[in-house]
Amino acid sequence: MWIYEKKLQYPVKIKNPNARLASVIISQLGGPDGELGAATRYLNQRYSMPYREAVGILTDVGSEELGHCEMIAAIIYQLTKNLTPEEIIAGGFDKYFVDHTTGIYPQAASGVPFSTGGIGVKGDPIADLNEDLAAEQKARVTYDNILRLCDDPDVRDPIKFLRQREVVHYQRFGDALRLTQDRLDSSNFYAFNPSFDNGKGECRGK
Amino acid sequence: MSKNELMKKIQALSFALLETNLFLDTHVNNKEALDYYYDIKDKLGRLTEEYEENYGPITASGTVSDGEWSWVLEEWPWQSGAED
């Protein structure tokens, strides 16, 4: 169960609309390494995660990612407020606008709609936690790329906050992987899958 | 405290609380982090109460009863733009 809090995790207060920026930042809502994919990945990986600390991290980071979806949506909402048709065309926002007006639709900057095709749930803690570590780094790179394209301090500020969260989440998933490996067979981490083999069995063919 | 000042403090304390929560998830016996968590939680609780009494609810159940359901009448977080 979740409880909604009527506040952003970090303030978003953008003075100047900018259709061009909105059309790239939307990728961090519905793109391959975006926040919606992050929340979906972590919250669904929890059920097969055998260790309680790792379930805790997936639950709490997954919930934080929902707050990041809201921050990205707030950025897009404010960047596209009061745009004129001329500004929409000049900013290259016309292809988005024709289908969604200025509603918030989770898609990649390329226009590809949000898909779970870019996330993984493998049902094995080493595979899933390594997926999560990679996901945090990919999202961090996307934020670095956004910062390369953006010189508005009102936008850079919340984007820098979100970038920093990727670094912290990477650290915590690293902790979770270490705690997981501490409980596995130290001579062969892959001797069994504790999500499936109940921590006792062995892989077929070993 | 003004609405914006109070909200900024609440956001900062909420952030400290979440950050400590994530740390504790993988360091469950860390005494320093546990003490810090409960210290921040107390401060956040007091400021949240002050905010909800004066400026409007942060959670639906924090809506102060004054004859109408202000939960939906106060602005939503993405609407507070640069003019504030």
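## Pro125(A) and its neighbours

Let's start with one residue. Pro125(A) touches Met49(A), Pro50(A), Thr180(A), Asn193(A), Pro194(A) and Ser195(A), leaving aside residues up to four places away in sequence; a contact here means heavy atoms within 4.5 Å. Pro125(A) sits in helix α7, which covers residues 125-149 of chain A. Helices (H or I, at least four residues) and strands (E, at least two) are DSSP runs, numbered from the N terminus.

Is Pro125(A) buried or exposed? Pro125(A) counts as buried because its relative accessibility is 1%. Buried means under 20% relative accessible area, exposed over 50%, and partly exposed in between (1.4 Å probe, protein chains only). Leu177(A) lies 52 residues away from Pro125(A) along the chain, yet their C-alpha atoms are separated by 7.9 Å.

## About the model

This is a predicted model, in which local features need pLDDT of at least 70 and side-chain atom pairs count only at pLDDT 80 or more, while totals for chains, interfaces and linings use all residues. Residues are numbered from 1 along each chain as its sequence is written, chains are lettered from A and ligands numbered from 1 in the order in which they are written, and side-chain values use heavy atoms, with hydrogens and water left out.

## Chain A as a whole

Chain A has eight helices and zero strands. Its C-alpha trace spans about 65 × 35 × 30 Å along the principal axes. Of the 206 residues in chain A, 48% are buried.

Now look at who touches whom. Among contacts in chain A with a separation of 6 or more, 75% join residues 24 or more positions apart. The accessible surface of chain A is about 10,100 Å², and carbon and sulfur atoms hold 53% of that surface. Such areas come from the Shrake-Rupley method with a 1.4 Å probe; for residues, only the protein chains shown count as cover.

## Chain B as a whole

Chain B has two helices and zero strands. Its C-alpha atoms fill a box of roughly 45 × 30 × 20 Å along the principal axes. The radius of gyration of chain B is 15 Å, whereas a compact globule of 84 residues would have one near 12 Å. This radius is taken over C-alpha atoms, and the globule rule is 2.2 Å times the number of residues to the power 0.38.

In chain B, 40% of the 84 residues count as buried. Residues 24 or more positions apart supply 44% of the chain B contacts with a separation of 6 or more.
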